[in-house]
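Let's take a look at how two protein chains hold on to each other. Have the sequence and the 3D view open as you read.

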Amino acid sequence: MSARDIFVEVGAVFSRWLKKTFRRPAFVFFAMVQPVVWFLLFTQSFAKIADIPGFASSTGTNSYLTFFSAAVIIQTVLASAMQSGIGMVTDIESGYMDKMRVAPIHRFSILLGKVMSDGVRILLQSIIIIVLGVILGVTFATGIGGVLVILAIAVTFGIAWSGISTFIALATRNSEATLMISILTTFPLLFLSTAVMPQGLLPDFVQSVATYNPITYVANALHVLVITGYDWTTLGYGLLVILAVGAISLSATTVMFRRAVAS
Amino acid sequence: MRAVDGISFHVERGEVFGFLGPNGAGKSTTIKVLTTLLQKTAGSVTVDGINLEKDPSAIRKIIGYGSQEVSVDDDLTGRENLRLQCMFHHLHKADAEKRINEILKATGLEEAADRRAGTYSGGMRKRLDLATAIITRPKLLFLDEPTTGLDPQNRVAMWEYIKDLNKAGTTIFLTTQYMEEADRLAHRLCIIDNGKIVAGGTPAALKAEIGADVVQLALPDNGAAADRARARQVLGPVAGVQEIKDYDGGLMVFAKNGPSLVPEIVRKLDDVDVHITQISVSAPSLDDVFVKHTGRKMRVEEVTPPRRMVFGGRRRRPM
């Protein structure tokens, strides 16, 4: 199998998913409407959080909007990543997976093309959020460079997290179950992290949960990039967590995927 | 439980080979093993000299597979579906585009080519599905129940198309639960029941195995007793006649090579002044073959057509 062959087949899977994504009204909703709703709803209702003593000193900003922009990115990335697995189940259910398996393509290309398209989707959604944030008045302490790092974090974390959804999807082979389990795990994790509230203001038990919550470290990394500047320790932790989540979820997914497309 | 148990068969290059059997007989399981989709627990498969176990990807290069359920991507246009298939087979772009145009024409999908497959009718989706299976010009084409769920008109059109493909040189392995389909398309076939091959050969040979044609003689006045008796007397000794049975309008003669016996039967009856109002010969059908080997009639279960509801011209699925 030549390099050209692999390039062509991964490209085929990749372009198929991109087309499918952009031809669905649901994508437009998730990409555009949801971040707007989150931005407007939460930042308006919770604007006074910034006045709580200790907020400004622990976060470095007195704008909840600025602080919350990280949460919107994370929420959108999580929601987007959680849908990744559903496409895989739909393909198994519809027989399209078999159609690809009968073709002389490498099994891994089916997964790789899909993951790449998920990455592009998450990238576009994150760009939309950042543009929206700038329009609403979020300032990025690290400038354009920082925004690029934020996008890189969003995409890599999204791909890592999409492995969880694909794993659930391949394990259950049921699109509804996948969606349900995804929603049930995503939301609590988001609120049990530092994404929506600085660590010091969280209740004690949430603080201890947050310490073990991977989302906390990604949120912290985004927070410093938006609010204070490059803090290499925080960014390092974020990177480590993304790598760890990705290593676990993607290798579990690969095992599941091998089983699903065996032979 | 074993879906398929100890089956063995050989498909000749250039033929249409049929796998006939009722639902749940093991037809799809067999086709899935042969197309590398399912791993077998024992036995060996060789396709065009390639061992399935040793080199499945070499087999994938030379086969095409039309699954029982239509599996086209409804979010993509017909042309895009075909283009993807070409990319899965690593065809070069210019070659692929040429083939796509050819096949769109051949399957009558030219006009709908740039519409999303989700807007197609059931027959069109089936044709597009077949088109994706053959666009790579496979040496060996597997078709799993190609006409199940199609209306009679589309069924006949599909038969013609399959015949044309075969004439153009494609070896075809097809499964079916329709006797007529097997009879019309297959040069040779196997009858499979409960995971076992119960009979195999050309349709004509399988039917010949029944051993008898049915010659039906209608007699005047529904066959007077005297006429019946005389007829029995003269026809009994005729070579090839195995059994003579009464029926309400006359006699039924079971005989080997029924058609060739007709002149002799007519002559013998004329000799003893028994008139015939009507004579007909019917060959045994594949139905009779199935009954003979399994002891029961094959029931065709018409599964619901594998197309789902179309809402507003476009199917919706969760993302």
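Start with B:Glu80, which forms a salt bridge with A:Lys19, their closest N and O atoms being 3.8 Å apart. (A salt bridge here is a side-chain nitrogen of Lys or Arg within 4 Å of a carboxyl oxygen of Asp or Glu.) This pair crosses between chains, running from helix 3 of chain B to helix 1 of chain A. Helices are DSSP runs of H or I with at least four residues, strands are runs of E with at least two, and both are numbered from the N terminus.

(Buried means under 20% relative accessible area, exposed means over 50%, and partly exposed is in between, using a 1.4 Å probe and protein chains only.)

## Where these numbers come from

This is a predicted model, so local features need pLDDT of at least 70 and side-chain atom pairs count only at pLDDT 80 or more, while totals for chains, interfaces and linings use all residues. Residues are numbered from 1 along each chain as its sequence is written, chains are lettered from A and ligands numbered from 1 in the order in which they are written, and side-chain values use heavy atoms, leaving out hydrogens and water.

## Helix 3 of chain B

Helix 3 of chain B is mostly covered, with 9 of its 11 residues buried. Those buried residues include B:Leu82, B:Leu84 and B:Phe88. They pack against helix 1 (3-22) and helix 5 (96-102) of chain A, together with helix 4 (93-106) and helix 5 of chain B.

There's also a salt bridge inside chain B: B:Glu97 pairs with B:Arg83, the closest N and O atoms being 2.9 Å apart. B:Glu97 lies in helix 4 and B:Arg83 in helix 3, so the pair ties together parts that are 14 residues apart in sequence.

## The whole interface

Now zoom out. In total, 34 residues of chain B are in contact with 36 residues of chain A, where contact means heavy atoms within 4.5 Å. Across this interface the rule finds 7 salt bridges. One of the bridges in the structure joins the side chains of A:Arg16 and B:Asp73 (2.6 Å, N to O).

Which helix of chain B gives the most to the side that touches chain A? That's helix 3, with 6 residues.

## A buried charge without a bridge

B:Asp144, in strand 5 (residues 140-144) of chain B, is buried yet has no salt bridge. The nearest side chain of opposite charge, B:Lys32, is 5.9 Å away. (Lys and Arg count as positive and Asp and Glu as negative; His and the chain ends are not counted.)

What does the side chain of B:Asp144 make polar contacts with? One is the side chain of B:Ser28, at 2.7 Å, and another is the side chain of B:Thr175, at 2.6 Å. (A polar contact is a pair of N or O atoms within 3.5 Å; within protein, one must be able to donate a hydrogen and the other to accept it, and residues adjacent in sequence count only if both atoms are side-chain atoms.)
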